[in-house]
Amino acid sequence: MNSELPIQWIVWGIVFFITMRCLITLSTMLRDRLQALLVAHVKNQQVKSKKRQRINELRGKIREKKANAEIVNANEKRAA
């Protein structure tokens, strides 16, 4: 009985060690995967943000041109 107890503890210690190594490896892999997904998401959002900003700039330029065209038309009608 006395010789079985240390052997049992050694076996359980080995099982615990292997289990912890597996869990640590899995958590590291998951962390790396999530980090990669986060980086990809941030880059995607930056691209979308730049596109939206460019669209808004172009819309502003179009509004300016329309406003200038309306002013020119109004001046031509007054002159005529």
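**A charged residue and its partner**

Reply: Glu57 has a relative accessibility of 38%, and for that reason it counts as partly exposed; the scale used here calls a residue buried under 20% relative accessible area, exposed over 50%, and partly exposed in between, with a 1.4 Å probe and protein chains only. Before going further, please keep in mind that this is a predicted model, in which local features need pLDDT of at least 70 and side-chain atom pairs count only at pLDDT 80 or more, while totals for chains, interfaces and linings use all residues. Residues are numbered from 1 along each chain as its sequence is written, and side-chain values use heavy atoms, with hydrogens and water left out.

Which residue does the side chain of Glu57 meet in a salt bridge? The partner is Arg54, at 3.6 Å from N to O, where a salt bridge is defined as a side-chain nitrogen of Lys or Arg within 4 Å of a carboxyl oxygen of Asp or Glu. In general, side chains of opposite charge can pair when their charged atoms come close. Arg54 is also partly exposed, because its relative accessibility is 42%. Both Glu57 and Arg54 belong to helix 1, where they stand 3 residues apart, about one turn of the helix; helices are DSSP runs of H or I with at least four residues, strands are runs of E with at least two, and both are numbered from the N terminus.

The count of salt bridges comes to 2. Another pairing joins the side chains of Asp32 and Arg31, at 3.1 Å from N to O. Asp32 is partly exposed, with a relative accessible area of 41%, whereas Arg31 reaches 53% and is exposed.

The C-alpha trace spans about 115 × 15 × 5 Å along its principal axes, and of the 80 residues 1% count as buried.

Leu34, which lies in helix 1 (residues 4-79), is 18 residues from Arg52 in sequence and 27 Å from it in space, C-alpha to C-alpha. Lys66, also found in helix 1, is 20 residues along the chain from Gln46, and their C-alpha atoms are separated by 30 Å. Leu5 has its place in helix 1 as well; between Leu5 and Gln46, 41 residues apart along the chain, the C-alpha separation is 61 Å.

Leu34 is partly exposed at 49% relative accessible area, Leu5 is partly exposed at 48%, and Lys66 counts as exposed at 54%. Leu26, another residue of helix 1, counts as exposed at 53% relative accessibility.
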